[in-house]
Structures are given as structure tokens and as C-alpha cells.
Amino acid sequence: MQAAAALNSYRAAPQTPDDVKWMNAASALMAWVVLAMVVGSVLLMISRQPYFNLTRVELAGDLQRNNLATVRANVVSRLAGGFFSVDLSKTREVFESVPWVRKAIVRRVWPNELRVTLEEHKPAAYWEHDDRDDQLVNTFGEVFDANVGDVEDEHLPTLQAPVNATASDARTMLDMLRKLQPVMAPLGAQIETLRLTDRGSWSVVLDDDARIELGRGTPEEVLARTERFVRTLPEFKRQYPAPLQYADLRYPEGYAVRLKGLTTWQDGSKPPVIRKPVKPTAQPSH
């Protein structure tokens, strides 16, 4: 009987009301919030101690256009914050704002040091578009601002872009330049200017002042026309050994050629066209 009474008493034990449970949970949460605020305040106080002030900025990188000492002198004074509070993203932007710096990798080194690795732009060509001629294209096909006088002795080719050119146009043109250079190497002249019109037509000017119209089409089609021209031109020049002045490859089965002092004519009233296997005649230009 006593056991049964005890069991009934256990079953009848009152439960904690829901509002009390919520009050206990809220109290526990508030305690954790206060603890977190206290800990945060302590950490903030510690982070602001002079011990954690940035006292050293180590720079590394293979720089050709900049001097590490000059970069440090111009940039370090613009850095803000200590070891914990310095904004690495903004710090990176500060270093990348230095002329010729393409990329900066910034990391903290305990307890008060920053280590920065710099990568410079490597120029591949001049970039001309929208009446601007003060920009360059690097080896990644990226356009960047620079003092073009720094590369005037490097004989870089020029990419003449269409109006309202985009970043992808720069990469496309640099890629085409790299493909055309070995194809045109047998001509004995270097590409000085590669031009892309708004309608997608390609042309080049060589460093001997010869101009070649390559026409429109896919890169494969343009390269195929160019390879055919370079392959067949020597046969014609054996008959007329004069320097090339102009060539137009925009014909489906041939090309027009003008040599310095000579002009080839296929028809009296039509543009001069060389068609395989017919050999053109030549007349002095007027």
C-alpha cells in the first residue's frame, strides 16, 4: 500500500510551467550574451595594445619597374589598423594601386608583421581604343594604366581595338597576335600593329610598313588565309623581287598584292587579285 501511494505521488508531481521554462532559457541566453560581450571587450582592449601595432611590413616579389624600398615608403604610411584590426582586402587594394603592380598577396605574421608578395604586370602590347593610347596589355590579356614611356625601348606591338572594346576583346586580340606572329615570321618582318574593326575584320601593319588585310571570320579561317598567303608569296616575289607594300586576303580564292614600285593586275577594272595556280602580270604603279 505504501509503495502504491508513493507511485501515485510520483505520478502526480507537478510539471514546471511553460512560462517559467521560457524565462529560464531567456536568462541563460542573456548570460551568454553578456559573457560574449565581456570577452569581446577584453579581446578588443588587448588588440589595441601597442604590442600589436604593425611594426614591420615585409615585401617580396620579382620587381622590374618598381623598387621595394620606394613601394614601402609610398604605401606603408597609408596602412591603417593593427595586427587584428587591419583590413587585408583594403591593404591589398592599396598595394595594387601602385603603378605596374598587378597583384598583391597580403597575410599577417604574429604578432605585429605583414608580409606582402607583389607581382608586376609584364607588358605584351600597347592598347589603343576610343582615342586613348596610354594603356598597355599584359601577358594575361589584361588592360592596365601605365606610363607608356617606360616601355618605349621595348618595341611592343600595338593592338588597335574597336570602339567600346571590352576586357574580353583585349584577350582575344592578344591571342590572335600570338597566333599570327609565327605564321608571319617567314615574311621577315614583325607585326607592328594588329587592328580589329567594329565589324570584326582583322588587319596588320608590319614593321617594314607593309599592310595586310586579313578579313573577317573565325580565328581558324583568318589563320588559314594568312598561312596560304605566306606560303605562296615567295613564288610570286621570285618573279617580282620588290618589297611588299599591301596585300588584301579578303578574296575567296586568292589575294591582291601591291609591291613597292609594282602593282599586280588581274583585270583592268577589278582589284588586283592573285589566284592559284594562275600567275599575275605586273605593271608599274602610278
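Which strands does helix α3 (residues 68-75) lie across? The points below take this up.

1. Basis. This is a predicted model, in which local features need pLDDT of at least 70, side-chain atom pairs count only at pLDDT 80 or more, and totals for chains, interfaces and linings use all residues. Residues are numbered from 1 along each chain as its sequence is written, and side-chain values use heavy atoms, without hydrogens and water.

2. Overall content. The protein has six helices and 15 strands (DSSP runs numbered from the N terminus: helices are H or I with at least four residues, strands are E with at least two). Of its 286 residues, 36% count as buried (under 20% relative accessible area, 1.4 Å probe, protein chains only).

3. The sheet. Three strands form an open sheet in the order β1-β3-β2, with mixed pairing (two strands pair if DSSP finds at least two bridges between them). Because β1 (56-60) and β2 (101-109) are at the edges with a single partner strand each, one side of each has no neighbour in the sheet. On average, neighbouring strands of this sheet are turned by 20° against each other, direction ignored.

4. One pairing. Strand β3 (residues 113-120) and β2 pair in the antiparallel sense over eight bridges. R108 stands opposite L114 in β3.

5. The helices on the sheet. Helix α3 lies across β1 and β3, and runs at about 140° to β1. Helix α4 (residues 88-96) lies across β1, β2 and β3, at about 145° to β2. Axes here are lines fitted to C-alpha atoms, for helices over the stretch in contact (heavy atoms within 4.5 Å), and angles run from 0 to 180 degrees between N-to-C directions.

How values were computed: Buried < 20%, exposed > 50% of the residue type's maximum accessible area, 1.4 Å probe, protein only.
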